[in-house]
Amino acid sequence: MLKINDLHANVDDKEILKGINLEVKAGEVHAIMGPNGSGKSTLASVISGNENFEVTQGSIELNGEDLEDVSPEERAHKGVFLSFQYPVEIPGVSVTNFMKTAINESRKAKGLEDMPAKDMLKLIREKSELLEIDRKFLSRSLNEGFSGGEKKRNEIFQMAMLEPKVAILDETDSGLDIDALRIVASGVNKLKSKDNAVILITHYQRLLEYIVPDYVHVLHNGKIVKSGGKELALELEEKGYDWLKQETAV
Amino acid sequence: MAYTEEELKKELETKEYEYGFYTEIESETFPNGLNEEIVIAISKKKGEPEWMTLWRLEAFKYWKEMEEPEWANVHYEKPDFQAISYYSAPKKADPNKTLDDVDPELLEMYKKLGISVDEQKKLQNVAVDIVMDSVSVATTFKKTLAEKGIIFCSISEAIKDHPELVKKYIGSVVPKRDNFYAALNSAVFSDGSFCYIPKGVRCPMELSTYFRINQAGTGQFERTLVIADEDSYVSYLEGCTAPSRDENQLHAAVVELVALDGAEIKYSTVQNWFPGNKEGKGGVFNFVTKRAICEKNAKVSWTQVETGSAVTWKYPSCILKGDNSIGEFYSIAVTNNYQQADTGTKMVHIGKNTKSTIISKGISAGKSQNSYRGLVQVNSRADRARNFSQCDSLLMGNECGAHTFPYIEAKNKSAMIEHEATTSKIGEDQIFYCNQRGIDTEKAIALIVNGFSKEVLNKLPMEFAVEAQKLLEISLEGSVG
């Protein structure tokens, strides 16, 4: 589904990604771990098309299509979703209005009519129940005055609404208490299917106890230095990243 | 296409005035220049009684001695008042016309503007008095209104048919010598609307007027007078668009609202005069005096969405004369390219327990300058007067400016005055967030701007709010490639 070949990317002329290779198939869950500054969030931004990052080499393919000249909104229409590490506030725009706009823009791009209000309401009801979201929450301005946990839950709610093909969750576990983590994780698990894929970006093993990955990759200094099954995460938890840093330095 | 600061700026620059077209309609236009003969000729042309002619002449006398105000934060080449024609009327105008008789070319023009008269006829709750250049060409729903004793007509008709009301109230809120532009308007006003709501009557529909400037080099001087008698209610809508013209056009209107004891007036404006092209050439000069007087327990709300004009100088105000009276001002002012706006309000608290609320939202893009200027004045006997002001500015790009000039004068110790102000900028991260959810940059800007303006948009009557939102989008977006 998602194929990344020898991806290099710069920000402000500094190379952050130095040759990433990754293949994610439908139905799979991949975890990308690594120390601070290893390039995890940059990878998420580059996949979603943020043009503050310059791709200097390599390619990203979604279902066989090269994404090089595809705008962020078109990538979204094609099913790329990013749950942001730091979701921004948009004052005066309610969660509901924002989602309505996002869904209808996507439909418009596919040549469909706006979603009828009745269907939209049903969808919102379903998905908000899935994430145990209070309906009042949906009329609030997007992320304005939200707690850290509310912001992350709202990101996953949006994921549920948009039903992406590839969802990248960038440090969705940070700032969540254990109850919120459980709700968010169970939401993601329910959304998982054989037709979509999830990429989890995280520092810690904790999230992976709830969302079990098929593969774990360790990113260090802009490269994937080790890949393995879910047991790799446990090993990292035990030994820390220094072990790998030493290993790769050799 | 992802968003960068540069791209946003470029996109904003390419926006052209959508309503820039010109309709060929034969007009009868006076020669350029202003003197006593012209003032008399205007009055005569309109078949006015002598008292009105004298009133105009007195105003003209004041105007000759006055100077243009220079305190506003706007810079422009002063109009040559002798190079302007002070009267222009569409030749085919006939006050007895029904909508079906209206020049098809005119109707076509309104269609282009998205305010087709056909549609409006179907909007059962909107009565429209269309002011085309200077003379009313169509008035609807008059009969329904007449049954309730409501008078809604052109000011010219009112001068002839209801002289006692006009005589009593015209100039009572905005005196002839109030300011330079008000004096000019008093001398040469061409036409405008008049509205009277009798005691205890709730006007059953939104009253609405659309203004347009159509003749090249024609100044337009509207005069509006709304009188809400004791315990009555009226909601009045005013909307304007103007076709694209090369030379600057002067618009100096006067609006007077009289809210007698217990009356309520809601006055909503959507203003979209031609703002000039992207080099800052052309565009309408909009120097407007709008003021309301509130008697005991009366309430006046001004709501305005200002997207047009090259230069705007406008301060809808309330004189809270009666005890317990309430004044409100809700405003969205958008400036783009080289537009300049100096707008705000005056709330003058005279009566006891008077309350005022000011919510002002300024949006600046391009190289424009957007200023809020407001005065809250509490007089010595205005015990327990209260005011709340909130001024928010939203900036796009790095070349525009937002300014806030709040003046507060409190002469009563029991007064409570609050002022809040914020300035923010549309962030790249906000745009990218929207992009990532499948919303393109143009739509994202519209969404953010509408969110920013929501408190004010919510104050507009439903059908107007939709139109206003559309206008905000047009004013700030580039064309989709």
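Predicted model: local features only at pLDDT ≥ 70, side-chain atom pairs only at ≥ 80, totals over all residues.
Residues are numbered from 1 along each chain as its sequence is written, with chains lettered from A and ligands numbered from 1 in the order in which they are written.

In chain A, an open sheet is formed by 4 strands in the order β2-β1-β4-β5, with antiparallel pairing. Helices (H or I, at least four residues) and strands (E, at least two) are DSSP runs numbered from the N terminus, and two strands pair if DSSP finds at least two bridges between them. Strand β4 (residues 54-62) of chain A is joined to β5(A) by 2 bridges, and the two run antiparallel. E65(A), in β5(A), is the bridge partner of L62(A). Helix α1 (residues 40-48) of chain A lies across β1 (2-11), β2 and β4 of chain A, and runs at about 70° to β2(A). Such angles run from 0 to 180 degrees between N-to-C directions, and axes are lines fitted to C-alpha atoms, for helices over the stretch in contact.

Chain B comprises 12 helices and 23 strands. Of its 481 residues, 56% are buried (20 or more other C-beta atoms within 10 Å of the residue's own, C-beta atoms being placed from the backbone). Among the contacts in chain B with a separation of 6 or more, 84% involve residues 24 or more positions apart; a contact requires C-beta atoms, placed from the backbone, within 7 Å.

Helices α10 (residues 428-436) and α11 (residues 441-457) of chain B have axes that come within 9 Å and cross at roughly 120°. Q430(B), I431(B), C434(B) and N435(B) in α10(B) meet T441(B), A444(B), L447(B) and I448(B) in α11(B). This contact has 5 nonpolar, 3 polar and no charged residues (Ala, Val, Leu, Ile, Met, Phe, Trp, Tyr, Cys and Pro count as nonpolar, Asp, Glu, Lys and Arg as charged, and the others, Gly among them, as polar).

Between the chains, 22 residues of chain A are in contact with 20 residues of chain B. On the side of chain A that touches chain B, two or more residues each come from α2 (72-77), β7 (90-94) and α3 (95-109) of chain A. The residues of that side divide into 10 nonpolar, 9 polar and 3 charged.

Notes: Contact = placed C-beta atoms within 7 Å. Buried ≥ 20, exposed ≤ 12 C-beta atoms within 10 Å, placed from the backbone.
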